Amino acid sequence: MADFIQTINTKTAVRELTTPIADVNAFNGIIQGILDDNPFGCTSYIQNDVTQDPVMKSREAYTARINFEDNLAATVGYITARAPSIAGFSANITELLANEALATAMGGDAVRDTEWDSFTCTLKCHDPSGEIYYVAFTRDHVTISSYSDDAIRTAVETWADTIPALA
């Protein structure tokens with residue numbers, strides 16, 4: 001039987017944030033800034049005869065939490081709603097907060113709990129060396145994965161050092 005032979009050493013690096021990213025707008029600003037400004041110096045490439053952007057979203061998800069509180073402000077239940085986009089995230093929040101039948105069934109008033117909101121977005125990046133790597137963002141950490149050249153980590157780290165929310 002044939003053996004697997006290691007061909008590439010890929011690495012992963014994580015930056016734990018001292019303070020969670022404040023809200024979905026701050027989170028989106030960071031992601032959109034990377035897509036607009038390409039601070040890692042990524043390059044376009046061709047895959048299956050199609051030109052790919054230097055940096056692109058490969059996946060994202062946004063989760064909101066709505067608590068239901070009784071007249072004494074005690075939480076009697078909660079709902080989380082996950083959406084594939086910020087528009088869906090916002091629509092879920094609006095719908096859940098306005099849904100009187102749901103509030104009645106839960107036995108309390110709907111109240112937004114932003115502390116429990118979560119956001120995640122993974123960017124697929126193409127380094128000028130030809131290497132493809134990923135930078136994943138959540139509210140409380142940033143992960144660089146599938147890279148082998150330490151210059152990639154250095155480029156992302158140097159950029160992250162300029163973003164106060166990523167301290």
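Is Arg153 buried, partly exposed or exposed, and what is its relative accessible area? In this predicted model, Arg153 has a relative accessible area of 27% and is therefore partly exposed. Its salt-bridge partner is Glu157, with the closest N and O atoms of the two side chains 3.2 Å apart. Glu157 counts as partly exposed as well, because its relative accessibility is 37%. Both residues belong to helix α4, where a spacing of four residues places them about one turn of the helix apart.

The contact between Glu157 and Arg153 is a salt bridge, and six salt bridges are found in the structure. Side chains of opposite charge can pair when their charged atoms come close. Another of these contacts joins Asp161 to Arg15, for which the closest N and O atoms are separated by 2.5 Å. Since Asp161 is located in the segment after α4 and Arg15 in strand β1 (residues 11-16), this pair ties together parts of the chain that are 146 residues apart in sequence. Asp161 has a relative accessible area of 54% and is therefore classed as exposed.

A further salt bridge is formed by Asp113 and Arg65, whose closest N and O atoms are 3.9 Å apart. This pair, too, links distant parts of the chain, with Asp113 in the loop between β6 (109-112) and β7 and Arg65 in strand β4, 48 residues apart. Asp113 and Arg65 are both buried. Arg65 also takes part in contacts with aromatic rings: its charged end sits over the ring of Tyr78, 3.8 Å from the ring centre, and Arg65 likewise lies over the face of Trp116, at 4.7 Å from the centre of that ring.

In one of them, the ring centres of Tyr62 and Phe119 are 6.3 Å apart and the ring planes meet at 40 degrees, so the pair is described as tilted. Because Tyr62 lies in strand β4 (residues 55-69) and Phe119 in strand β7 (residues 118-126), the contact ties together parts that are 57 residues apart in sequence.

Another aromatic pair consists of Phe137 and Trp159, whose ring centres are 6.3 Å apart and whose planes stand at 90 degrees, so the arrangement is edge-to-face. Here the linked parts of the chain are strand β8 (residues 132-138), which contains Phe137, and helix α4 (residues 150-160), which contains Trp159, the two residues being 22 positions apart. Phe137 counts as buried because its relative accessibility is 0%, and Trp159, at 13% relative accessibility, also counts as buried.

A search of the whole structure returns zero disulfides. Cys121 is in no disulfide, the nearest cysteine sulfur being that of Cys125, 10.0 Å away. For Cys125, the closest cysteine sulfur belongs to Cys42, and the separation of 4.5 Å is too far for a bond, given that a disulfide requires sulfur atoms within 2.5 Å. Cys121 counts as buried because its relative accessibility is 0%, and Cys125 is likewise buried, with a relative accessible area of 1%.

Definitions and conventions: Residues numbered from 1 in each chain as written. Predicted model: local features only at pLDDT ≥ 70, side-chain atom pairs only at ≥ 80, totals over all residues. Heavy atoms only, no water. Phe/Tyr/Trp six-rings, centres within 6.5 Å; stacked < 30°, edge-to-face > 60°. Buried < 20%, exposed > 50% of the residue type's maximum accessible area, 1.4 Å probe, protein only. Lys NZ or Arg CZ within 6 Å of the ring centre and 35° of its normal. Salt bridge = Lys/Arg side-chain N within 4 Å of Asp/Glu carboxyl O.
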